[in-house]
Amino acid sequence: MKMKETEPSLYTVKAVFILDNDGNRLLSKYYDPEFYPSMKEQKNFEKNVFNKTHKADNEIAFLEGMTIVYKTSIDLFFYVVGSAQENELMLMSVLNCLFESLSQILKKNVERRCLLDNMEGVFLVVDEIIDGGVILESDPQQVLQKVNYRVRGESVIPNYQSCHFIY
Amino acid sequence: MIKKFDKKDEESGSGSNPFQHLEKSAVLQEARIFNETPINPRRCLHILTKIIYLLNQGEHFGTTEATEAFFAMTRLFQSNDQTLRRMCYLTIKEMANISEDVIIVTSSLTKDMTGKEDVYRGPAIRALCRITDTTMLQAIERYMKQAIVDKVPSVSSSALVSSLHMVKMSYDVVKRWVNEAQEAASSDNIMVQYHALGLLYHLRKNDRLAVTKMLNKFTKSGLKSPFAYCMLIRIASKLLDETEAGHDSPLFDFIESCLRNKNEMVVYEAASAIVHMPNCTARELAPAVSVLQLFCSSPKAALRYAAVRTLNKVAMKHPSAVTACNLDLENLITDSNRSIATLAITTLLKTGSESSVDRLMKQISSFVSEISDEFKVVVVQAISALCQKYPRKHSVMMNFLSNMLRDDGGFDYKRAIVDCIISIIEENPESKETGLAHLCEFIEDCEHTVLATKILHLLGKEGPRTPQPSKYIRFIFNRVVLESEAVRAAAVSALAKFGAQNDDLCFAFLDDEVRDRATFYMNVLQQKQKALNAAYIFNGLSVSIPGLEKSLHQYTLDPSEKPFDMKSVPLATTPITEQKTEIAPVATSKLPEKLAPSRQDIYQEQLAAVPEFQGLGPLFKSSEPVQLTEAETEYVVRCIKHTFARHMVFQFDCTNTLNDQLLQKLTASPTVSPVPATL
């Protein structure tokens with residue numbers, strides 16, 4: 001049987017993105033310059049992935065030659081993308097870390113509005129988990145410590161309804 | 001500005017996106033407050049978030065405005081707000097490619113990376129390495145080396161990963177840090193181990209000896225990191241493959257020992273590595289397969305998927321090794337994840353017995369429409385392999401394939417099916433007729449030129465040799481008429497093959513009449529005489545058709561040496577429009593318009609029906625009807641004079657104008673008045 005063609009490498013994640021329940025992009029990072037470098041290709045890919053996955057909550061899919069692990073929460077969809085030969089459990093560990101970290105940051109309110117209200121926290125979490133396609137951190141507790149993000153007790157914009165937290 | 005943002009948002013309601021109505025120019029305008037002192041961290045933070053959000057959505061920033069925003073952002077380093085500082089690092093990375101002179105932040109970043117705030121150091125390193133070029137790298141070299149061996153794990157990890165990113169740009173510089181990386185590899189932290197190993201491998205991968213040494217060291221020293229283990233397994237596999245070492249090497253033992261690791265990720269990596277090794281014996285595969293078998297019943301879908309996908313690969317070369325898992329695979333057939341179900345079924349098709357084929361095929365057909373194109377191709381490939389293994393099952397397979405061919409699907413999918421059908425036809429003469437029939441049906445409505453031409457080529461090759469080649473000619477002929485250029489060309493070539501094989505087949509598919517005309521016209525055209533063309537093609541018959549028929553009939557009754565003379569047939573006269581014809585038109589649209597039977601023809605028919613007139617010969621001419629009575633009388637009579645060669649027949653039509661009277665036994669008594677003889 002043919003040898004797996006992957007060269008051993010730390011570059012394991014091709015892309016990560018978060019979509020809302022209309023399939024619109026809320027956040028996305030593409031790490032491989034050869035994998036859908038243009039915005040048009042990326043949006044197209046996200047649309048295809050969304051169409052194939054948002055009805056069936058099946059955790060793992062294989063589309064356009066890529067392995068995709070995903071998770072949904074209320075009105076959000078989280079995706080981590082790797083090559084077809086990638087270790088699926090490794091991709092799952094990234095997804096789980098992402099989800100758990102965000103869950104802590106958003107005080108379990110992993111839904112769209114709360115996510116958008118705390119977007120800088122979300123950006124920072126993603127930045128701490130994957131760097132240029134390399135898994136930087138897999139433990140949510142470590143991620144939270146590094147991000148050290150405090151959900152605002154009051155909203156930034158006055159007269160603006162957002163999720164309030166007392167801490 | 002902020003108030004405007006508020007208002008829009010209040011209007012759109014609570015379900016909206018606070019970033020939805022962002023305008024780049026407005027946000028960049030807002031960014032001017034970065035220059036104000038004192039800095040308001042929260043407001044600035046929110047503006048930075050909006051900038052990054054816009055960039056992420058694909059908003060284009062021109063160089064000037066990006067540079068302006070970047071420079072304004074550098075002012076924010078004056079603030080000590082941690083989140084704000086972190087967002088600055090992020091902004092630097094996001095704008096590194098679109099802003100000019102980004103290196104102005106170098107000194108700030110260098111300061112942060114060597115400063116006291118641990119929470120800044122890692123991210124600052126990563127941002128710095130993002131904007132560094134080769135020259136600058138040498139300037140910060142010593143900081144990087146120090147960072148790699150730093151005791152704070154996040155600092156070390158950041159430095160290692162950043163170094164890895166810079167290998168492409170400055171391999172020679174980064175190579176000098178190999179000792180530091182080696183030291184970092186002995187860290188307790190599982191991520192640092194992983195990153196150090198990764199960097200070391202990338203630096204040494206062209207030196208096989210160095211890699212071997214490194215591997216020996218790490219496999220003995222017992223790393224903790226599951227990620228590092230996965231990396232080691234991959235390196236070991238690659239080495240085994242490159243050196244073609246036997247499976248009794250310590251490298252193989254190491255991989256095999258990983259099957260007993262506590263972490264599922266490592267176990268799976270090891271199983272997958274073993275399964276992909278060339279020349280694995282059944283004995284060597286067995287422990288990997290049993291591990292995968294266990295995973296089949298995991299509650300985690302990703303694990304079940306990984307396991308069944310790998311077992312599917314094993315089954316391709318070693319189906320017997322997978323037979324032990326058949327029961328577990330059967331359980332997966334009904335998995336809610338259709339990809340898993342598909343893989344399970346296709347694996348079973350490879351390992352199961354002939355008797356299970358029908359059942360499994362039925363199962364698959366129930367959900368094949370739900371799975372993605374990629375998996376449909378997997379199914380087709382499994383069927384292809386199955387057909388080779390169980391040739392007797394070809395009719396079940398062919399049925400299934402033809403159904404799939406009718407469904408929606410992309411080019412790759414359809415091509416896989418067509419290829420599969422073709423290979424069945426080629427292997428299995430019994431299936432040829434069915435297969436060709438399915439393919440004929442497919443090309444009736446096929447949008448893929450490549451496939452249509454391929455099938456036409458096949459039909460041309462195989463069709464003439466079948467017992468009834470004419471069956472296929474119809475399909476091919478339609479392509480000649482209806483399709484695009486490439487397809488028409490292929491169709492014509494295919495037809496030629498039929499013609500070459502069987503002389504009389506060329507027109508066999510056409511209806512008799514069509515064929516006769518085609519032959520006739522072809523012959524006329526081949527004479528290449530304009531006069532002939534004019535006579536036979538352009539002008540057509542100028543005689544009346546029923547007249548011709550009558551004359552021919554006469555001719556056959558009265559055999560003569562002379563050839564039939566067209567001139568003896570009366571010319572066609574203009575038809576009466578109000579009289580209905582009794583002769584039903586037979587022609588299709590292809591035939592030239594039949595001359596409507598003229599009045600004369602009708603009379604001829606009617607006269608011929610009377611026994612006394614049959615000996616008179618052909619009718620020469622009939623006159624117009626002459627009214628003999630006035631219109632208001634009880635009955636009207638009109639007379640028609642029919643002229644034959646030697647006789648005259650007078651036809652009296654008597655029509656009753658009264659409704660309540662019936663006329664019977666009419667007789668006509670003409671009187672002949674003496675007429676001066678004229679000629």
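Good morning, colleagues. Please keep in mind throughout that this is a predicted model.

Let me begin with chain B overall. Chain B contains 34 helices and four strands. Of its 679 residues, 46% are buried. Among contacts in chain B with a separation of 6 or more, 57% join residues 24 or more positions apart. The accessible surface of chain B is about 36200 Å², and carbon and sulfur atoms account for 52% of that area.

I turn now to the interior. As background, nonpolar side chains in soluble globular proteins tend to be buried together. Which residues touch the most other members of the largest nonpolar core? They are B:Phe34, B:Leu109 and B:Ile255, in a core of 231 residues. Leaving aside residues up to four places away in sequence, B:Phe34 touches B:Ile39, B:Cys44, B:Ile47, B:Leu48, B:Ala72, B:Met73, B:Arg75 and B:Leu76. Another core lies apart from the largest one; it has 17 residues, including A:Phe35, A:Tyr36, A:Val49 and A:Ala61.

Next, one helix of chain B, namely H7, residues 118-131. With 14 residues at 1.5 Å a residue, H7 of chain B should span 20 Å, and its end C-alpha atoms are 21 Å apart, which agrees. Is this helix enclosed or open? In H7 of chain B, 11 of the 14 residues are buried, so the helix is largely enclosed by the rest of the structure. Among those buried residues are B:Tyr120, B:Gly122, B:Pro123 and B:Leu128, and the arginines B:Arg121 and B:Arg126 are also on the list.

B:Val626, B:Leu628, B:Met648, B:Phe650 and B:Phe652 make a nonpolar surface patch of about 450 Å². Which strand gives the most to the nonpolar patch? Strand E4 of chain B, residues 648-656, does so, with three residues. B:Val626 is placed in strand E2 of chain B, residues 626-627. The relative accessibility of B:Val626 is 43%, so this residue counts as partly exposed.

I now come to the backbone. In general, most residues other than glycine have a negative phi, and most peptide bonds are trans. Where does this model have a cis peptide bond? It joins B:Thr37 and B:Pro38, with omega about -10°. B:Pro38 belongs to the loop between helix H2 (24-30) and helix H3 (41-56) of chain B.

Two residues deserve attention for phi. A:Ile74 is not a glycine, yet its phi is positive, at about 55°. This residue sits in the loop between strand E4 (66-73) and strand E5 (76-83) of chain A. A:Ile74 is exposed, its relative accessible area being 70%. In chain B, B:Asn279 likewise has a positive phi, near 55°, without being glycine. B:Asn279 is in the loop between helix H17 (264-275) and helix H18 (282-295) of chain B. Its relative accessibility is 69%, and B:Asn279 therefore counts as exposed.

Finally, I mention one further loop residue, B:Ser336. The loop that holds B:Ser336 runs between helix H21 (326-332) and helix H22 (338-351) of chain B. B:Ser336 has 56% relative accessibility and so counts as exposed. Between B:Ser336 and B:Met231 there are 32 Å in space, C-alpha to C-alpha, and the two are 105 residues apart in sequence.

Thank you for your attention.

Conventions:
Residues numbered from 1 in each chain as written. Chains lettered and ligands numbered in written order. Predicted model: local features only at pLDDT ≥ 70, side-chain atom pairs only at ≥ 80, totals over all residues. Heavy atoms only, no water. Patch = residues over 30% accessible without salt bridge, like charges linked within 9 Å, V, L, I, M, F, W, Y side chains within 5 Å. Areas by Shrake-Rupley, 256 points an atom, 1.4 Å probe, with all protein chains shown as cover. Salt bridge = Lys/Arg side-chain N within 4 Å of Asp/Glu carboxyl O. Buried < 20%, exposed > 50% of the residue type's maximum accessible area, 1.4 Å probe, protein only. Core = buried A, V, L, I, M, F, W, Y, C linked by side-chain atoms within 4.5 Å. Contact = heavy atoms within 4.5 Å. Expected span 1.5 Å × (residues − 1).
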